[in-house]
Amino acid sequence: MGARPLLNRRLAGMGTTIFAEMSALATATGSINLGQGFPDTDGPQEVREAAVRALREGRGNQYPPGPGVPELREAIAEHQQRFYGLTYDPDTEVLVTAGATEAIAAALLALLEPGDEVIAFEPFYDSYAACIAMAGAVRVPLTLRQPAFRPDLDELRSLITPRTRLLLINTPHNPTGTVLTPEELAAIAELAVEHDLLVITDEVYEHLVFDGAHHPLAALPGMRERTVAISSAGKTFSFTGWKVGWVTGAPELVAAVRTAKQYLTYVSAGPFQYAVAEALRLPDAYYAEFRAELHRKRDLLAAGLAEAGFRVFEPQGTYFITTDITPLGEKDGIEFCRALPARCGVVAIPNAVFYDRTEIGLAQVRFAFCKRESVLREAVERLHRL
Ligand SMILES: Cc1ncc(COP(=O)(O)O)c(C=O)c1O
């Protein structure tokens with residue numbers, strides 16, 4: 001094969017995702033997995049039954065329509081109206097994808113030319129870096145710095161160049177739990193309009209906000225026509241394995257994303273699409289109880305981690321807590337996380353892997369709290385051994 005590396009230059013160094021590595025370590029060592037963000041209990045029984053019904057009745061067992069089944073597109077449009085007062089046409093302004101992951105990939109691959117610059121919050125969710133690279137574009141980090149992890153809006157302004165094409169905004173933000181305020185969103189929107197930038201918003205944790213509220217950027221003046229909003233059923237309904245996500249936006253944007261999407265997966269998850277349509281229509285009580293339950297779990301794990309000696313940065317949203325391990329006499333989160341299963345039977349994720357400049361986040365470690373309370377209590381007890 002010669003000396004040329006098999007993996008192309010764009011993906012060089014991306015290797016295996018940290019989640020796969022740490023989840024494998026959790027399985028191999030029988031550790032409690034507070035690494036990867038998936039719940040350890042499945043979502044509502046009636047939604048599972050809806051999927052079974054669809055399978056049995058032969059709905060979605062063959063290729064569903066490219067943009068997604070009409071029932072789900074209508075339910076997504078209804079959801080945007082119900083929670084945010086945003087009106088989308090289910091036929092031209094909604095696209096169903098294989099999770100938010102595919103939506104992110106398709107949007108970046110569709111909207112970027114090689115050399116375009118994309119500004120995104122650092123620490124980044126890991127697929128952003130990979131997909132920006134696959135598009136041949138350049139990522140430009142806007143670092144959220146501890147302890148507050150707020151975006152510095154003057155810095156954002158200074159990062160915009162004639163090559164900037166797109167802002168990639170994640171709120172609520174993984175891994176820091178930052179939820180952008182209406183003022184921050186307004187300032188970002190103003191810059192986007194002023195510089196005529198496209199915006200992708202990753203809102204997969206939209207229903208997991210404990211302090212403040214989630215506001216979609218697309219609702220702000222001048223934003224609807226330039227924003228590709230992305231969300232997914234995985235986090236909101238605790239079905240991360242179903243991989244049903246979606247895009248909402250103006251027809252031209254959705255058409256562009258659909259063009260890339262049709263050559264990635266074409267379609268996916270037929271029967272689950274019908275079930276997610278039912279899930280989105282669950283009463284307000286479902287959403288409120290889900291949020292309240294995760295809120296309790298956040299408080300439980302945050303208190304436990306603080307007692308165990310971590311510096312805890314309380315998240316306003318998502319189901320992750322970022323900590324600093326310096327008070328434990330530790331410096332390197334990557335080494336710390338690799339050793340943690342053997343030391344006390346717990347798996348966590350080093351935030352360093354979400355930074356271009358690893359050193360900034362080297363002492364940060366992320367714990368997921370979307371687990372049963374008994375599991376969180378046991379994890380805390382184990383972490384006290386440190
Ligand atoms: C910020 C963010 N975006 C996207 C995703 C992926 O979502 P999905 O499972 O729907 O592909 C995740 C999952 O952890 C996430 O944290």
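A salt bridge here is a side-chain nitrogen of Lys or Arg within 4 Å of a carboxyl oxygen of Asp or Glu. Keep that cut-off in mind. And note that this is a predicted model.

Let's start with one pair. Glutamate 378 and arginine 382 form a salt bridge, and their closest N and O atoms are 2.8 Å apart. That pair counts because 2.8 Å is within 4 Å. Both residues sit in helix α13, residues 373-383. They are four residues apart, about one turn of the helix. Glutamate 378 is partly exposed, at 31% relative accessibility. Arginine 382 is buried, at 18%.

How many salt bridges does the structure hold? The count is 23.

Next, helix α11. Glutamate 293 and lysine 297 both lie there, four residues apart. Their side chains meet in a salt bridge, 3.0 Å from N to O. Lysine 297 is buried, with 6% relative accessibility. Glutamate 293 is partly exposed, with 30%. Histidine 295 is also in helix α11, which covers residues 284-307. Histidine 295 is partly exposed, at 26%. Its C-alpha atom is 9.5 Å from that of glutamine 316, 21 residues away along the chain.

Arginine 73 and aspartate 91 meet in a salt bridge, 3.2 Å from N to O. Arginine 73 is in helix α3, and aspartate 91 is in the loop between α3 and β2, 18 residues apart. Which end is buried, and which is exposed? Arginine 73 is buried, at 7% relative accessible area. Aspartate 91 is exposed, at 53%.

On to the ligand. There are 13 residues around the ligand; Thr101, Asp202, Tyr205, Ser232 and Lys243 come nearest. The shell divides into five nonpolar, five polar and three charged residues. Helix α4, residues 99-111, gives the largest share, four residues.

Aspartate 202 has a side-chain N or O atom 2.6 Å from a ligand nitrogen. Asparagine 174 puts a polar side-chain atom 2.8 Å from a ligand oxygen. Lysine 235 has a side-chain N or O atom 2.8 Å from an oxygen of the ligand. Taken alone, the ligand exposes 390 Å², and the protein buries 93% of that.

Last, the surface. Leu109, Met134 and Leu264 make a nonpolar patch of about 240 Å². Leucine 264 belongs to helix α9, residues 251-264. Leucine 264 is partly exposed, at 43% relative accessible area.

Methods:
Residues numbered from 1 in each chain as written. Predicted model: local features only at pLDDT ≥ 70, side-chain atom pairs only at ≥ 80, totals over all residues. Heavy atoms only, no water. Patch = residues over 30% accessible without salt bridge, like charges linked within 9 Å, V, L, I, M, F, W, Y side chains within 5 Å. Areas by Shrake-Rupley, 256 points an atom, 1.4 Å probe, with all protein chains shown as cover. Helix = DSSP H or I, 4+ residues; strand = E, 2+ residues; numbered from the N terminus. Buried < 20%, exposed > 50% of the residue type's maximum accessible area, 1.4 Å probe, protein only. Near = heavy atom within 4 Å. Polar contact = N/O pair within 3.5 Å; in protein donor to acceptor, adjacent residues only side chain to side chain. Nonpolar A, V, L, I, M, F, W, Y, C, P; charged D, E, K, R; others polar.
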